[in-house]
Amino acid sequence: MDLLNTLVDKGLRRELPTREEALAVLATSDDDVLDVVAAAGKVRRQWFGRRVKLNYLVNLKSGLCPEDCSYCSQRLGSKADILKYTWLKPEQASQAAAAGLAGGAKRVCLVASGRGPTDRDIDRVAGTIKAIKDENEGVEVCACLGLLSDGQAERLREAGADAYNHNLNTSESTYADITTTHTYADRVDTVSKAHAAGLSACSGLIAGMGESDEDLVDVVFSLRELDPDSVPVNFLIPMEGTPLATEWHLTPQRCLRILAMVRFVCPDVEVRIAGGREVHLRTMQPLALHLANSIFLGDYLTSEGQAGQTDLEMIADAGFEVEGAGQVTLPEHRATAGGGCGSHAGAGCGSHEDAGCGSHEGGGVCGTAAGAPAAGELRSDLVAVRRRGAGTDLAPNA
């Protein structure tokens, strides 16, 4: 297929595809999905080999958020029966993180519900970062606390944070349809603050909230310009008690096409499969490892993931290896220069909830096909609320 050959060549050169080419990837048929995966896999292997980076989420403060993000089980007015608790103490968070690190994770993502942190909250998180780093030499810590005020990103970096996550989630043109209590521009501003403070920026999207192919391409191209080092791709987890609880439009093939499109647009950036991979990719998760080089281990913020041991077995069975603590995730040109995923200076790649270390919850996609759950249904058989780990007395899944 000429399209795929062109995209592979561009990906190996870190050259930006055209919008038309990105849209064409999303438009390929299910018959061609293995060809798409194989092509994007060549780009993934060029920049990341067969390594898979493991990340682990710790939900520092769950529920009772004043924001109204439609996808989020922690949102204002949510009727989802999730765990609700206030800030974990540093030793509690460190204990939760230890389970993920013992399972092979090299990055801990500290997430807290809310519009954004107060200065006192920054002090709390600083204590938690210290507790985790004192116990685990070489661990990466990413904070995800919502919208940042001036000076807060710098304080987090001084406290030892390595990265900051704040997802764009969807295109600018449709953002107000998803959230009304803050704006798309607010999110862009927070990613920019993280960049300016010297933190590794992490920003991604949620697919499956009723957006069009054009919206998906718009947000990924916007991410490339923002230049995060990592891009989490979330597939909506339709949680009962949220406005999007019956949005079931994703198929595994659709998820693979979306991941491939992100890889082609952001060839040398850490692409992470975040919330919703178990729910929507299901038995085809191993194929997605040929596209993304990073996943979350174990559970998410308010929903359960598959068993951590199953994640490790899946990686090994698919012929990949877990990235070690001593290995550098990003290609040398990005790791040393802080450059973007594009082929020239300034070209980049480029929440709060089960979207992974995102800014709110999970993400899903339009385009139904045989095997997809029917829209309009609740699927508690596919979505399980987290009842273990942080905020509980039960052992975490890692």
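Hi everyone. When I say "strand" today, I mean a DSSP run of E with at least two residues, numbered from the N terminus. With that settled, Arg107 lies in strand β2, which covers residues 107-112. One thing to keep in mind as we go: this is a predicted model.

Let's stay with β2 for a moment. Six of its six residues are buried, so the strand is largely enclosed by the rest of the structure. In a regular strand the side chains alternate between the two faces of the sheet. Here, Arg107, Cys109 and Val111 point one way, while Val108, Leu110 and Ala112 point the other way.

What sits on either side of β2? Strand β1, residues 51-61, runs parallel to β2 and is joined to it by six bridges. If you want to find that pairing on the screen, look for Lys61, whose bridge partner in β2 is Ala112. β1, helix α4 (residues 90-102) and β2 make a right-handed β-α-β unit. From β2 the chain then crosses through helix α5, residues 119-135, to β3, and this crossover is right-handed too. β2 and β3 (residues 140-144) run parallel with five bridges between them, and Val108 has Val141 as its bridge partner in β3.

Is Arg107 buried or exposed? Its relative accessibility is 5%, and the cut-off for buried is under 20%, so Arg107 counts as buried. Its side chain makes a polar contact with the side chain of Glu140, at 2.9 Å. Setting aside neighbours within four places in sequence, the contacts of Arg107 include Lys53, Tyr56, Cys142, Ser200, Ser230 and Arg272.

Two names in that list take us to another strand, β7. Ser230 points one way from β7 together with Pro232 and Asn234, and Val231, Val233 and Phe235 point the other way. Six of the six residues of β7, which covers 230-235, are buried, so this strand is largely enclosed by the rest of the structure. Strand β6, residues 205-207, pairs with β7 in the parallel sense over three bridges, with Ala207 opposite Phe235. β6, helix α9 (residues 213-226) and β7 make a right-handed β-α-β unit. The chain goes on from β7 through helix α10, residues 252-265, to β8 in a right-handed β-α-β crossover. β7 and β8 (residues 270-273) run parallel and are joined by four bridges. Arg272, the other name from that list, is in β8 and stands opposite Pro232.

For a helix, take α3, residues 33-48. Its 16 residues reach 22 Å from first C-alpha to last, close to the 22 Å expected at 1.5 Å a residue. Among its buried residues are Val33, Val36, Ala40, Arg44, Trp47 and Phe48. Just after α3, Gly49 takes a positive phi of about 60°.

Finally, a look at a loop. Thr283 is found between α11 (277-281) and α12 (285-288). Its relative accessibility is 76%, and it counts as exposed. Thr283 and Pro252 are 31 residues apart in sequence, with 8.4 Å between their C-alpha atoms.

Conventions:
Residues numbered from 1 in each chain as written. Predicted model: local features only at pLDDT ≥ 70, side-chain atom pairs only at ≥ 80, totals over all residues. Heavy atoms only, no water. Expected span 1.5 Å × (residues − 1). Buried < 20%, exposed > 50% of the residue type's maximum accessible area, 1.4 Å probe, protein only. Polar contact = N/O pair within 3.5 Å; in protein donor to acceptor, adjacent residues only side chain to side chain. Contact = heavy atoms within 4.5 Å. Pairing = 2+ DSSP bridges. Right-handed = clockwise from strand over helix to strand, strands pointing away.
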